[in-house]
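I am opening a notebook on a structure that is new to me.

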Amino acid sequence: MVEQTTNSGPASGPPPAAASIEETLARIENEIDHLTTLTTPETLTGWDAPSIGRLVEAHTRIRRLTGRLDGVRYTLLPRIEAEGSWRSGGMTRTFTTWLRLREGISARTAGKDMTIARRLATALPVTRERLVAGTLGVDHARVMTEVAPTSETRTDALAWLIDTRTGHTTTPEQFVQTVAVDLPDPADDPDGTRTRELVTQVLEGAVTEGTLVTGEGIVLREAGVLNADQFRTVARRFATVTDPDTDDLDDDKAAHGEFFDLAKTFGGYHVAGFLTDEHGLLVSTAINAVLGAPSADDARTTTQRRAQGLADVARVVLDTNQASPGAAIAPHLNVTVSWNEFVTQVTRTRDGLCLTCGQTRPGSTTRPDATSATGAAGTAGTAGTDTASPTAVAGLLTSGGPVFTETSERAPRALVRRLACHSAVTRIVFGADGAVLDVGRAQRTVTGQMRRAVIARDQHCVWPGCDQPPSRCEVHHAITHWADGGGTSVTNSALLCWYHHQLVDTKNITMHWTGKTTTTDNDATTGARALTPFGGHADTGSWIQRKRV
């Protein structure tokens with residue numbers, strides 16, 4: 001126990017004053033070495049380890065000390081930069097680069113250090129003094145440098161004198177006139193020395209009492225009772241009140257810098273972007289609303305749950321058709337799959353029930369307690385297996401697997417099974433030359449099942465070289481315009497993006513489905529475009545365009 005008392009600090013009296021910065025730093029380094037020997041893992045877990053209360057207090061003091069050292073370091077940097085010897089040798093063009101190279105720190109760290117140091121030196125003298133003295137935390141000091149002196153107007157506002165009795169700005173002369181002070185007669189004080197001393201005493205007393213403060217002091221008064229995050233709100237409010245115009249400029253800059261990228265990559269999509277505070281909060285709120293609290297057995301990370309939440313928000317909008325209630329067909333996730341493949345996928349059963357939803361498989365007449373099932377693609381296998389018959393495999397290889405209709409990318413088998421359980425299934429029969437769905441002239445627009453058929457066949461805008469997805473396309477009466485007596489059918493329909501739809505109409509261009517063989521025509525105004533239903537299957541076809549006679 002005697003050793004503990006000795007190690008807790010010096011026995012008595014302050015250490016002797018150091019003669020130089022170097023000697024003081026050497027002493028600090030020696031004391032840090034001593035401190036590390038007192039806080040080794042072995043010491044902290046030994047029989048005479050300090051109590052948790054002592055460790056908590058030590059940690060708080062260490063944080064305060066490192067903050068004070070940071071304050072000293074920030075004080076040195078502007079002086080080193082201003083002296084200019086760092087330019088010798090011409091190796092670096094900026095002080096930040098020189099600092100990064102000399103001390104082996106990252107460019108980000110060097111940049112942040114210099115921003116803080118410069119602002120403390122030029123605009124925040126009280127903040128720097130309190131940081132060095134240990135009465136202000138380093139996080140609070142960083143908040144001040146990041147928020148307060150962010151424009152010329154705000155920097156000026158930090159130096160304003162404010163009379164806290166009225167809340168208004170003032171000057172030393174105006175303030176003294178509001179205080180009862182007996183100034184000497186000018187005849188008795190010809191050089192004004194006594195007058196200046198009295199005025200100085202009044203001003204210093206007002207500062208000490210808190211009656212007269214600077215703009216910087218007004219903000220710092222809240223630092224003692226607020227944590228760094230709460231203090232940021234106060235500093236942010238000061239910046240807004242003193243210079244709202246800069247806030248408007250920052251808002252405009254953020255709005256112009258807003259972007260959202262959703263790029264297809266191997267195995268999925270890559271997401272990147274930047275949102276304004278408003279839009280970011282909207283998205284975050286929507287995701288949190290659909291996430292809810294995780295269940296006890298939910299092992300996903302927060303980021304994984306958030307990704308699922310984003311997809312769920314999209315599902316809510318699309319399922320309820322809120323985004324485009326007047327659309328010909330509600331935008332949704334579409335999967336194209338051959339019927340044989342579809343039946344094979346959804347007939348994975350155990351005891352006659354779908355493994356995905358627990359219901360009787362689609363089209364099944366088997367009792368739920370049966371041990372096997374037979375579908376259109378052949379035997380699905382014994383209960384609980386996922387093996388297709390050789391005949392089914394041969395058919396699936398030639399017809400192709402399930403794909404996302406808009407991108408022709410492979411759709412996961414689990415998704416197909418899930419869609420079969422709770423989604424609308426549209427059976428589109430493709431012949432040698434495409435689907436045959438026809439409502440004559442009973443209706444003008446292509447809607448519902450017919451539009452799905454056109455999307456499944458064309459997949460994107462059929463104009464040569466254009467790959468706009470169905471969500472940005474319209475169905476065009478291709479061969480014979482409806483106004484010219486053309487019927488509304490898949491045969492007479494083609495998928496065109498908004499731009500090319502307008503182009504085809506204004507240029508009087510007719511179109512013709514050529515079937516599986518790509519053809520050209522001497523009268524065609526554009527070249528033929530090969531289309532591939534089912535995202536790369538054998539039944540291919542193309543459209544050619546001609547000038548309408």
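**Ground rules**

I note that this is a predicted model, in which local features need pLDDT of at least 70 and side-chain atom pairs count only at pLDDT 80 or more, while totals for chains, interfaces and linings use all residues. I number residues from 1 along each chain as its sequence is written, and side-chain values use heavy atoms, with hydrogens and water left out.

**Whole chain**

I looked up the secondary structure and found 21 helices and 18 strands; helices (H or I, at least four residues) and strands (E, at least two) are DSSP runs, numbered from the N terminus. The protein chain has 549 residues, of which 30% count as buried; buried means under 20% relative accessible area, exposed over 50% and partly exposed in between, with a 1.4 Å probe and protein chains only. The accessible surface comes to about 33,500 Å², and 55% of that belongs to carbon and sulfur atoms; the areas come from the Shrake-Rupley method with a 1.4 Å probe, and for residues only the protein chains shown count as cover. I also looked at contacts (heavy atoms within 4.5 Å): among those between residues at least 6 apart in sequence, 58% join residues at least 24 apart.

**Helix 5 with helix 6**

For helix pairs I use axes, which are lines fitted to C-alpha atoms over the stretch in contact, with angles from 0 to 180 degrees between N-to-C directions. Angles under 35 degrees count as roughly parallel, over 145 as roughly antiparallel, 65 to 115 as roughly perpendicular and the rest as oblique. The axes of helix 5 and helix 6 come within 9 Å and cross at roughly 125 degrees, and the two helices are therefore oblique to each other. Helix 5 passes helix 6 in a right-handed crossing; a crossing is right-handed if the near helix is turned clockwise from the far one by less than a right angle, and left-handed if anticlockwise. I list Phe-95, Thr-96, Leu-99 and Arg-100 of helix 5 against Ala-107, Ala-110, Gly-111, Met-114 and Arg-118 of helix 6. These residues divide into five nonpolar, two polar and two charged, where Ala, Val, Leu, Ile, Met, Phe, Trp, Tyr, Cys and Pro count as nonpolar, Asp, Glu, Lys and Arg as charged, and the others, Gly among them, as polar.

**Helix 8 and its partners**

How do helix 6 and helix 8 lie to each other? Their axes come within 9 Å and cross at roughly 85 degrees, and they are therefore roughly perpendicular. Ile-116, Arg-119 and Leu-120 of helix 6 meet Arg-142, Thr-145 and Glu-146 of helix 8, which gives two nonpolar, one polar and three charged residues.

Helix 8 (residues 138–147) also packs with helix 13 (residues 228–242), at an angle of about 25 degrees and with the axes 9 Å apart; this pair is therefore roughly parallel. The contact includes Val-143 and Met-144 of helix 8 and Phe-231 and Ala-235 of helix 13, and by class it has seven nonpolar, one polar and four charged residues.

**Single residues**

Is Thr-127 buried or exposed? I found Thr-127 in helix 7 (residues 125–133), and at 0% relative accessibility it counts as buried. Not counting residues up to four places away in sequence, Thr-127 touches Leu-120, Leu-136, Ala-141, Met-144, Glu-216 and Leu-220.

I placed Gln-459 in the loop between helix 20 and strand 14, where it is buried with a relative accessible area of 6%. Gln-459 has a positive phi of about 70 degrees although it is not a glycine. Most residues other than glycine have a negative phi.

Gln-468 lies in the loop between helix 20 (448–458) and strand 14 (473–477) and is partly exposed, with a relative accessible area of 27%. Leaving aside neighbours within four places in sequence, Gln-468 is in contact with His-460, Cys-461, Cys-473 and Cys-497. Gln-468 and Cys-497 are 29 residues apart in sequence and 6.2 Å apart in space, C-alpha to C-alpha.
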